[in-house]
Amino acid sequence: MNIQEKYNIQETANTFSFCPKKPTLAMSWWFLVGIIVGIVILLFFNNLLDQAMRWAIYILMGYFVLHTLYDIQIGSKIRYTFDTNENAVYRSSPLRAKTKIMMLDEIVIFIHSEMGSSYYALGAKKRQFIKSYIISEGFSAGKKCEIKQHAYENFVLMKIDKLQDSVLKNAETKNT
């Protein structure tokens, strides 16, 4: 699968949009299948656990099912759109309409690392650590992840950088 299909990229002359969490969709489906298998196995060993333990496990598994369904139905469909005409970055999801989250000429893209995994995040200058948005899948150590990260950097981040540069150049020409 190429990177355009992987991130559901849509591109025009003045816009670039993609779904950063779409690559994790297959993993979410497998996680859901694993939870359902766990629930079925738990039903077979129902008489070995006391009632309080059974309820605690069912509540925990219910939470995991809801969280995974959210990731599948909503999280994987969150789209970020970078628009040079409007000098804006938009975020849209199945639950919310397209909302402007920041100005395109003010964005900062940085790597956020935690516990051996990293991802790219998007924030506004001087506030990127207060409010940021995840714009890539998680990358961990290993040859395969390095290849995925390199492909992401060379395609997605380069497109965003070009759009941001064009907005900055247009602003400079208007000021002079």
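Student: Why is phenylalanine 18 called buried?

Tutor: Its relative accessible area is 0%, and buried means under 20%, with exposed over 50% and partly exposed in between (1.4 Å probe, protein chains only). So phenylalanine 18 counts as buried. Keep in mind that this is a predicted model, where local features need pLDDT of at least 70, side-chain atom pairs count only at pLDDT 80 or more, and totals for chains, interfaces and linings use all residues. Residues are numbered from 1 along each chain as its sequence is written, and side-chain values use heavy atoms, leaving out hydrogens and water.

Student: How do you know that phenylalanine 82 is buried or exposed?

Tutor: The same test applies: phenylalanine 82 has 0% relative accessibility, so it is buried.

Student: How many aromatic pairs are there, and what makes the rings of phenylalanine 18 and phenylalanine 82 a stacked pair?

Tutor: The count comes to 10 aromatic pairs. For phenylalanine 18 and phenylalanine 82, the ring centres are 6.2 Å apart and the planes at 5°. Rings of Phe, Tyr and Trp (its six-membered ring) pair if their centres lie within 6.5 Å; planes under 30 degrees apart are stacked, over 60 edge-to-face and the rest tilted. Both conditions hold, so the pair is stacked. Phenylalanine 18 sits in strand β2 (residues 15-18) and phenylalanine 82 in strand β3 (residues 79-83), 64 residues apart; strands (E, at least two residues) and helices (H or I, at least four) are DSSP runs, numbered from the N terminus.

Student: Why is phenylalanine 44 called exposed?

Tutor: Phenylalanine 44 has 67% relative accessibility, which is over the 50% limit, so it counts as exposed. Its place is in helix α2 (residues 25-44).

Student: What makes lysine 6 and glutamate 137 a salt bridge?

Tutor: Their closest N and O atoms are 3.0 Å apart. A salt bridge needs a side-chain nitrogen of Lys or Arg within 4 Å of a carboxyl oxygen of Asp or Glu, so this pair qualifies. Lysine 6 lies in helix α1 (residues 3-6) and glutamate 137 in the loop between β8 (132-134) and β9 (139-140), so the bridge ties together parts 131 residues apart in sequence. Lysine 6 and glutamate 137 are both buried.

Student: How do you know that glutamate 11 and lysine 159 form a salt bridge, and why is each called partly exposed?

Tutor: Their closest N and O atoms are 3.1 Å apart, so the pair meets the salt-bridge rule. Glutamate 11 has a relative accessible area of 41% and lysine 159 one of 23%. Both values fall in the in-between range, so each is partly exposed.
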